[in-house]
Each structure stands twice: as structure tokens, then as C-alpha cells.
Amino acid sequence: MRIMGIDPGLRSTGWGVIEVDGHHTVGVGSGVIRSSGEALAERLLTIYSQLTVVVESYAPDQVAIEQTFVSRDGASTLKLGHARGIALLVPAKARMPVHEYAPNTVKKAVTGVGHASKQQVAYMVGVLLAFRGKISVDQSDALAVALTHAAYGRSAGVLRTSLAQSQNVQ
């Protein structure tokens, strides 16, 4: 199964694709979309266009996205919400299931600590996917979201199997 993780942002949107086969997980690709233009609409169009190319190129089966962190600055949160809307729209338009995870859930799934630093997340993503070299924080955050979905997806699959087996016994 191919899972794409997205870390939405108005200036830079991180993306990462992993492939999961049983208990084996490998990084397939990752990058950062840098929006261009002065107007908000131009920036959103850049994100939409480039994210569409990534989805078409990597053909993920599912997409995971980080939920919005609400800051005290309402204007910044609203702008991030616009970018997040595009990040939700692209896979929805391609008819892919989209799953959302809170930032603390992602950090805990990858590092074991819900309040881990971005550097700790990046380090563990590198370890878990056996990356050589450095990747940006946007890339590591997106890959961390994909890894979180892989972990939760496995757990959900095991739980569904266990429930089905217990219902057949009764």
C-alpha cells in the first residue's frame, strides 16, 4: 500500500510517500512545494497544481494529512486553513481516502513522545525509513504523517480481524 503524507503550509507544503508491505516500510519519495505569487489565490493555485502532479506521479492508495494547529494569530491560522483545504481537495478529487491526525498524535507515533521537537521527528523519520542524508522539516513532517497512518492502519486492521474472528466464534 502506498501512503502519501501531507504537511500543509501556505509558503511550503511538505509531501512524502511511503510504501508499506506487511511490516516492511520504505520511503518512496518526498519533497516540498513552494508556492509562488503575491496574491493568496496565486499561491493556492501553485499548491494545487504541484500537488496534483505529485499525486498523479506517485499514485498513492491513501493520503494522511496533519490537522491544523490553531495559533493565537487568527489570520495565520485562516491562511493555513486555505492551504490545508487545497491539500484535502487534491486527493479527494482523485477519489483517494484522506485521514487526518493531530500533530501530537503524529509526534507520539513516530518518536514515542507527544511533544517531541521537529528535530526529534526528523531524526526518527530518518531512522525508520533508513534515509541517508538530510531532508527538510517539511518533508520529515509529511513522512511522519504517512508513518502515523501506516501504524494506525495496521492497528485498525488487526483490530478488525480480531473482532471478526471473535464474532465468528460466538
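In what order do the strands of the open sheet lie, and what kind of pairing do they have?

Analyst: This is a predicted model, in which local features need pLDDT of at least 70 and side-chain atom pairs count only at pLDDT 80 or more, while totals for chains, interfaces and linings use all residues. Residues are numbered from 1 along each chain as its sequence is written, and side-chain values use heavy atoms, with hydrogens and water left out.

The open sheet has 5 strands in the order β3-β2-β1-β4-β5, and its pairing is mixed. At its edges stand β3 (24-34) and β5, each of which pairs on one side only. From one strand to the next, the twist averages 20 degrees; the axes behind this value are lines fitted to C-alpha atoms, and angles run from 0 to 180 degrees between N-to-C directions. Strands here are DSSP runs of E with at least two residues, helices are runs of H or I with at least four residues, and both are numbered from the N terminus. Two strands pair if DSSP finds at least two bridges between them.

Strands of a sheet pair through backbone hydrogen bonds, either parallel or antiparallel. Strand β2 (residues 12-21) pairs with β3 in the antiparallel sense over 10 bridges. Within these two strands, T13 stands opposite I33 in β3.

I33 is also one of the residues touched by T46, along with R34, S35 and S36, when residues up to four places away in sequence are not counted. Contact means heavy atoms within 4.5 Å. T46 belongs to helix α1 (residues 40-58) and is buried, with a relative accessible area of 12%. Buried means under 20% relative accessible area, exposed over 50%, and partly exposed in between, using a 1.4 Å probe and protein chains only.

R95 has a positive phi of about 65 degrees although it is not a glycine, and at 76% relative accessibility R95 is exposed.

Helix α3 (residues 103-111) has the buried residues P103, V106 and V110. These residues lie on the same side of α3, because they cover an arc of only 60 degrees around the axis; the arc is that of the directions from the helix axis to the C-beta atoms. After α3 comes G112, with a positive phi near 90 degrees.
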